[in-house]
Every structure is written in structure tokens, then in C-alpha cells.
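Have a look at the picture, then read on.

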Amino acid sequence: MNCLPHILALALHSQGGFNTVVPGAGIFCRHGAGDAWIAGAGAYANSERAVERRISQYAFAGVQPWAIGPVPGLRIGGMVGLVNGYSYNSGRTIPMAAAVLSWPLPTALRPLDAAHITLIPPVRGVTPAVAQLSFTWRF
């Protein structure tokens, strides 16, 4: 299993009223044939606008079975997991699902190893759709 530090950076929402910068840290692991299986966990300052920002914790597992496009290593797949810390449900842990696109970055950008875009669908009347940008680091 190959595990690297996972740095959360930005979240873009399908509606206004949310913070874009969502700093956080965790671990992102790859395993299996072609490193297609993924898993991770961590914490971040969530995007809810409040006097005091809330910290959310997450854990996920998934698979990126498809290599796409002309860029070597560009992979797409999906994940499921758990997240907590949001005010709309009093901070309780809830399930989540997302599509995830990952691509390795050039070695000239080290210590950045790969960039990840996670696409979280909306929950009608509860949460907007979210596109989140994060990075893994290799030292």
C-alpha cells in the first residue's frame, strides 16, 4: 500500500454563501493492480460560513479503474465514505459519495505528487454540489 499526505485546498459550490478555502490534512492511500484502489481519512475546516469555522472529519474508500485521455496516469473513478461536522444535521456523521479524478504532477512540482478533483453531487434541499481540489505530497 502506498500512502501519502493528503492536503485539502479549495471547494467550489454550485450556490453562494460558502467558504472556498477549506484547509485540511489527512492521508491518501493507493493499493492493488495499477494502484486503482484508494482509501483515506483526515480533517478540514469545512466550507460553512459561520462565526467560528467547524472542523469536519472524513474517511473514504473507492476505486479509480479507468485511465483517461492522453495524459499518462490520469485516472477517474468513485468513492464512498463518511463525513461529519456540518450544522445542517448537528454535526452528525453522514454517508457521502463522489466521483474522483486524479492526475500525477510533473516531478518539477515536487513535493506535490498528484492533484485530485472530487465531485460531490448535491443533496436536494440540504447541500449544494461541490468540486473540491486537493493534493498528495511526496517527499
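Which residue in β6 does valine 83 stand opposite? Valine 83 stands opposite isoleucine 94.

## Before we start

This is a predicted model, where local features need pLDDT of at least 70 and side-chain atom pairs count only at pLDDT 80 or more, while totals for chains, interfaces and linings use all residues. Residues are numbered from 1 along each chain as its sequence is written, and side-chain values use heavy atoms, with hydrogens and water left out.

## How the strands pair up

Let's begin with the words. Strands are DSSP runs of E with at least two residues, numbered from the N terminus, and two strands pair if DSSP finds at least two bridges between them.

Strand β1 covers residues 2-13 and runs antiparallel to strand β2, residues 21-31, with 8 bridges joining them. Proline 5, for instance, has isoleucine 27 in β2 as its bridge partner. β1 also pairs with strand β8 (residues 130-137), again in the antiparallel sense, over 7 bridges. There, alanine 11 sits opposite glutamine 132 of β8.

Now for β5. It pairs with β4 over 8 bridges, in the antiparallel sense, and alanine 59 stands opposite leucine 82 in β5. With β6, the antiparallel pairing of β5 runs over 9 bridges.

## The two faces of β5

Follow the side chains along β5 and you'll see them alternate. Arg75, Gly77, Met79, Gly81 and Val83 point to one face and are buried, and buried means under 20% relative accessible area, with exposed over 50% and partly exposed in between (1.4 Å probe, protein chains only).

## Two pockets

What counts as a pocket? On a 1 Å grid over the protein atoms alone, using a 1.4 Å probe, a pocket is an open set of points with protein on both sides within 12 Å along at least five of seven lines, and its lining residues have an atom within 4 Å of a point. A volume is the space filled by probe spheres set on the points.

The largest pocket holds about 690 Å³ of space. Its lining has 34 residues, and the closest to its centre are Tyr44, Val83, Tyr86, Met96 and Ile120. The elements giving two or more residues to this lining are β1, β2, β4 (55-67), β5 (75-83), β6 (94-104), β7 (112-120) and β8. β6 gives the most, with 5 residues. Sorted by class, the lining has 25 nonpolar, 8 polar and 1 charged residues; here Ala, Val, Leu, Ile, Met, Phe, Trp, Tyr, Cys and Pro count as nonpolar, Asp, Glu, Lys and Arg as charged, and the others, Gly among them, as polar.

The second largest pocket has a volume of about 250 Å³. Of its 15 lining residues, Arg30, Asp35, Pro104, Asp113 and Ala114 are the closest to its centre. At least two residues of the lining come from each of β1, β2, β6 and β7. By class, this lining has 5 nonpolar, 5 polar and 5 charged residues.

Serine 56 belongs to strand β4 and is buried, with a relative accessible area of 0%. Its side chain has a polar contact of 3.0 Å with the side chain of asparagine 46; a polar contact is a pair of N or O atoms within 3.5 Å, and within protein one must be able to donate a hydrogen and the other to accept it, while residues adjacent in sequence count only if both atoms are side-chain atoms. A polar atom of the serine 56 side chain also lies 2.6 Å from the backbone oxygen of asparagine 84.

Over in strand β1 you'll find histidine 13. The side chains of histidine 13 and serine 47 make a polar contact of 2.9 Å. Setting aside neighbours within four places in sequence, histidine 13 is in contact (heavy atoms within 4.5 Å) with residues including Phe18, Asn19 and Pro128.

## Loop details

Arginine 110 and proline 111 are joined by a cis peptide bond, with omega about 20 degrees. Proline 111 sits in the loop between β6 and β7.

Aspartate 35 lies in the loop between β2 and β3 (37-45) and is partly exposed, with a relative accessible area of 31%. Serine 90 is in the loop between β5 and β6 and is exposed, at 61% relative accessible area.

Technical notes: Helix = DSSP H or I, 4+ residues; strand = E, 2+ residues; numbered from the N terminus.
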